[in-house]
Amino acid sequence: MPLLVNGARVDLARTTGDMIRAHPHLEEKAKLLRSQPAQIVEPKGLLYVQQREFAVTTPKDGSVSILGSDDATTCHIVVLRHTGAFDLQPEDVHLVTFCVTELNDREEQDIHFPIIYGIAVNVKTAEIFPATFPVKGPDEDLRSAHTLTGAPLTNIYDAKTEQLQIGPYFWGPFPHVDFWLEQDDAQILQNLSTSPLAEPPHFVSHIRSTLTFLKEHPFPSRSLFPDRKPRIYKKNEEGLWEQVCSDKI
């Protein structure tokens with residue numbers, strides 16, 4: 001899956017600085033993206049993608065109109081258009097917008113922060129824009145627990161059936177979960193973040209909620225997925241995710 005800029009293959013060993021200097025139009029595109037204020041994306045029509053998840057759909061999707069993800073500090077959010085399954089596609093990938101590292105950086109008192117923490121894409125128009133998401137569900141804690149326990153990259157959406165599929169996920173008791181839940185916010189931030197000085201304000205409460213979920217469900221094979229089937233969601237008439245029973249699928 002070669003990466004191309006203006007039809008030329010990119011040497012992936014190059015630094016981002018070198019690539020920016022070789023392709024100055026990428027900096028202009030990044031400036032344009034950074035100049036846009038972050039839009040608040042409500043849950044109607046939204047498919048939120050967490051860390052280590054991916055989702056694929058088409059403009060014909062009658063349930064999902066916006067794909068999005070956020071809280072990216074040291075992570076990267078990748079948006080691909082017309083390339084099919086991300087991890088199986090043999091075709092070339094043409095880099096159009098590149099807003100990472102120094103192109104997405106601001107500095108305050110010698111501390112570096114991302115300018116853009118989240119991105120959304122309108123699946124009808126292919127427009128991308130900075131975004132925040134008040135609701136990151138469904139099953140936010142379950143999906144975060146899957147990530148915290150070392151999840152591989154996971155497809156969560158079936159565009160043919162327009163169903164969100166969560167799990168089944170399996171893990172064992174999280175190491176020292178009681179110890180971590182006893183720690184103050186500073187300790188959690190310092191030890192469970194890859195960028196403790198740049199995290200959004202809700203990071204610690206999110207981690208505490210995930211740890212509490214892991215404590216309550218040390219064996220999800222028993223408490224969450226005893227039948228080894230995924231939790232299935234479809235959008236209802238209001239455009240919100242609603243869990244459906246397996247016998248209705």
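## A salt bridge across the chain

Asp-71 and Lys-136 form a salt bridge, with their closest N and O atoms 3.8 Å apart. Here a salt bridge is a side-chain nitrogen of Lys or Arg within 4 Å of a carboxyl oxygen of Asp or Glu. The pair links distant parts of the chain, 65 residues apart. Asp-71 sits in the loop between strand E6 (66-69) and strand E7 (93-94). Lys-136 sits in the loop between strand E11 (128-132) and helix H3 (140-148). Helices (H or I, at least four residues) and strands (E, at least two) are DSSP runs, numbered from the N terminus.

Lys-136 is buried, at 11% relative accessibility. Buried means under 20% relative accessible area, exposed over 50%, and partly exposed in between (1.4 Å probe, protein chains only). Asp-70, Asp-71 and Lys-136 are linked in a network of salt bridges.

## Basis of the model

This is a predicted model, in which local features need pLDDT of at least 70, side-chain atom pairs count only at pLDDT 80 or more, and totals for chains, interfaces and linings use all residues. Residues are numbered from 1 along each chain as its sequence is written, and side-chain values use heavy atoms, leaving out hydrogens and water.

The salt-bridge count comes to 9. One of them joins Arg-208 and Asp-185, at 3.0 Å from N to O. Arg-208 lies in helix H6 (residues 203-216) and Asp-185 in helix H5 (residues 185-192), so the pair ties together parts 23 residues apart in sequence. Arg-208 is partly exposed at 22% relative accessibility. Asp-185 is partly exposed at 44%.

Asp-18 and Arg-21 also meet in a salt bridge, at 2.7 Å from N to O. Both residues lie in helix H1 (residues 16-22), 3 residues apart, or about one turn of the helix. Asp-18 is partly exposed, with a relative accessible area of 32%. Arg-21 is exposed, at 61%.

## The whole chain

The chain has 7 helices and 16 strands. Its radius of gyration is 19 Å, close to the 18 Å that the globule rule gives for 249 residues, so the chain is as compact as a globular protein of that length. The radius is taken over C-alpha atoms, and the rule is 2.2 Å times the number of residues to the power 0.38. The C-alpha trace spans about 55 × 45 × 35 Å along its principal axes.

Buried residues make up 40% of the 249. Among contacts (heavy atoms within 4.5 Å) with a separation of 6 or more, 69% join residues 24 or more positions apart.
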